[in-house]
Structures are given as structure tokens and as C-alpha cells.
Amino acid sequence: MANKIELNNNYPNITESDKLYERALKVQKPVTQTLAKGPGQFTKGVAPKYLVKGKGSHVWDVDGNEFIDLNSAIGPISLGYAYPAVDEAIRQQLNDGITFSLMHPLEVELSELVQQVVPNAEAVKISKTGADVCSAAIRVARAFTGRDKVFCCGYHGWHDWYIGITSRNSGVPEAIQDLTYTFEYNDIESVKAALDETVAALILEPFIFEAPKPGYLQELSEVCKANGTLLIFDEMWTGFRVAVGGAQEYFNVKADLAVFSKACANGMPIALLTGRADVMELFNSEVFSYTTFGGEALSLAACIATINELRDKKVPQYLDEHGALLKDGYNSLAIELGVDKYTRCIGFNCRSMVTFTPDAGNGLEVKTFMQQEMIKRGILWAGFHNMCYSHTTEDIDYILTAYRDVLPLLKAAIESGNIKDQLKGEVLEAVFRKVSNYNIKPKSIA
């Protein structure tokens, strides 16, 4: 019998997931289209591998097991699965068609709406993925400034200009790798020391989990402007979540360009590049960045409906308030149950993360233990609280009840000194993402 969302379940039966996985291994390389959804981030032997249905904040796997989903499809689900207003917009547009031989009016309507809600959106460009618009922003920044080098901080997609500085850089020519440099978040002095006339763009996630120091983003904007470098905000996670207008609205700071995807269409594939008209003008003649499916109408309709819901229902405020219940509740439980020396929850309320201290031991083993116990209790857990509008107070109460049940087990497992022996599945894999070893250099070249 399939598991439901209850305490003290057996671990879910994942027979059908495992069968599909074995089939996938024979025909797919890799088996996942996104690392964060793949089997390396969900312990093999315990976690499901394939989901087939979502409704609100709940999902069901191929074996029929039900879970509260704390991942929100790795970001795109901002309102909830099968959200009526968005699904109806998609259905209405489907009656008239999906992709056409000429431009579609929804392209204009969406761009006007984005201009209303996103600061500094003097012009709008529509594409399909976050990597697309990040790369388009870098290309147009290079064209506008006549410079080649890029400073970055965060994760910006799979294209050569960025992925060359990560551990998964095979296939990227060294000449490309040598044009991008990483800097540490909140370290304004290192940026000041490195910026020179060769740097076209500085791109960063306005925050990941750490908050910007007071004035940090504003000062970053000022030093970039003084150097003739374009400031680009990668708002894949912050956009439409921390505020409808993203980090630019929330922190009252303008970037020259800003890119969005994930939350703006509640799961439909679309991405937005916004910014200064004089920079964006280059896309009309000098800079090439086009895609056949950029005007695909189902996603345009979904994006318009989603943004209207986000704005009209004050969704960012809801995410902040309900996310605070979860984040603060976790930290209160950790103190109450005597595990605060091992774990705490950090980040902004709309997207927080459970972390483990060095005292807890091997971080991946500890996270694996926590994941298996949360999955056992009907919560699809990967360490994040990616909030959506469909996460109810009842969901949060249940999740906190599960944490109250699991944290003493975690404490006992850590203090036993043999947590690995208590794992029912394989240890989670480390993500490749580069978040340290900052290599900022130019001034040219230091």
C-alpha cells in the first residue's frame, strides 16, 4: 500500500521508481535533466526517483506515495502545483494554439506587465531558460562595453562563460575559462581592488542564503558604474519571491540588467531579461540571441497569470510569513531538543536551508539521515524550504511535528559515532557548484 503523509510510516515502496531508473540507465546519459532533481541528491534505496502528479503543495510518485514537497520543483512552483488560475490560462491559450509563424500579442502584453512590476525594466527580452538569459546578458554587456572579462558570484547556468570556472569544466576551452573570475559575496573591497577597464560585467545572485551587508548591493552598483562595468542581477531565486519586483525592489537598488525565470510562470518554461534600454537596444542589430520557442504562447499565458496572482494575492508577503514559521520553528526546536550545536536553519524566509555544523560530523551522511527520516514521514526533503503559496499552515505544522520527531533521532545518530551504519540508502552526493576558492584577479591581471 502506498505511503500517505503520516508519522511513523514504513519507508516508501519505490519499486516502480527503481524499475524506471534501471530503464533510464540503458538509454539516458545522464539520467536526470537537472542535477538537483537527480538520484545523487536523493538517497538511493529510500527516496523516490520519479514523480507523476502534483496538487497544491503535495506530490505523488510513480508508486503512489504522497509527499509534502519542500522543493517546489527546484524553484519554479511559486503558487502551487495545478494552480487553477494558471492552468485555466494555459487551457484557454491551448484552444488557440501553442507556437505560431509570426509574433503573438501575449509577447507584448507580458513585456508591458513586467515593465510595470520590475524596477529598471526599460526593455524586456523573452527566452526559455535561466542559462539563456544569463548568457544573453553577458553577451550584450560585452558588446556594450567593448570589454571581455566577467566577475561572477553564485550559479549562472551551464554555458561556457560560467561553467568554465566550476569543477565540471571539461569541454570548455581554456581561453574561455580565462575570461571569468569569481568573487566572494559581501566582500566589496576585493571587488574594488580588482575592477579595471577590462571587466565588462559583474553578475551575482543578489543573495543566496546569506543576507547582504548594509549598503553592499548599493555600493556594488556605484563601483560598477564608476568603472563602466555593467551590474547584472541573476534573480532566478530572488525574483518574484522576495518581492514581485525581486531584489531590486526589496533592497531598493537598480542593476543595469536583471534576469528572471523559475517563479514567474509557476512551472512553465520561460525566462526574462530586463534592463536599460540603451544596452538592450543592441539586440536589435549587433547582438544575436534568438530562439524558436521564445514566443511559445502557453508559457506566455502562464507567466501573465502567475505574475498577476503573485501581485494581486501579495504572495511574497505570504511566503515571508509562512516561511518564517518554518525557519524559526526549526531553530526553536533545535534549541529545545538540544541539537542547536549540530544544526540550524538559515536564509531568507521565502527560501531557507537546513545546515549542519562541523560538530555533527560528515555533512553528507547527516543530511542523508535527515532526508531518509523526513521521507519516511511523507515529506520530500532535500535540505531546503522552497516556499510556495500552496504551503498551508497545516503543512507547516505537520513538517514541524516531523522535525520534532526526527531531531532527537538525529542527535542520537550523531552522538553514536556511527551515523553511516544507520542509513537505509546510499549517501548523498556532493553538488559540484563552486561556492569557495574565490579567484578574483584583474587590475590587469594582478
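At what angle do helix α12 and helix α14 pack, and how far apart are their axes? Hi everyone, let's start there. This is a predicted model, where local features need pLDDT of at least 70, side-chain atom pairs count only at pLDDT 80 or more, and totals for chains, interfaces and linings use all residues. Residues are numbered from 1 along each chain as its sequence is written, and side-chain values use heavy atoms, without hydrogens or water.

So, the helices. Helix α12 covers residues 315-336 and α14 covers 393-416; they pack at about 20°, with axes 10 Å apart. Helices here are DSSP runs of H or I, at least four residues, numbered from the N terminus. Axes are lines fitted to C-alpha atoms over the stretch in contact, with angles from 0 to 180 degrees between N-to-C directions. The pair is therefore roughly parallel (angles under 35 degrees).

Who touches whom? On the α12 side we have, among others, L325, L326 and Y330, and α14 brings residues including I399, L400 and Y403, contact meaning heavy atoms within 4.5 Å. By class, that contact has ten nonpolar, three polar and two charged residues; Ala, Val, Leu, Ile, Met, Phe, Trp, Tyr, Cys and Pro count as nonpolar, Asp, Glu, Lys and Arg as charged, and the others, Gly among them, as polar.

Now the domains. Domain 1 is 15-81 + 315-422 and domain 2 is 99-295, with bounds from an automatic or database assignment. Over C-alpha atoms, the domain centres are 29 Å apart.

Definitions and conventions: Helices (H or I, at least four residues) and strands (E, at least two) are DSSP runs, numbered from the N terminus. Angles under 35 degrees count as roughly parallel, over 145 as roughly antiparallel, 65 to 115 as roughly perpendicular and the rest as oblique.
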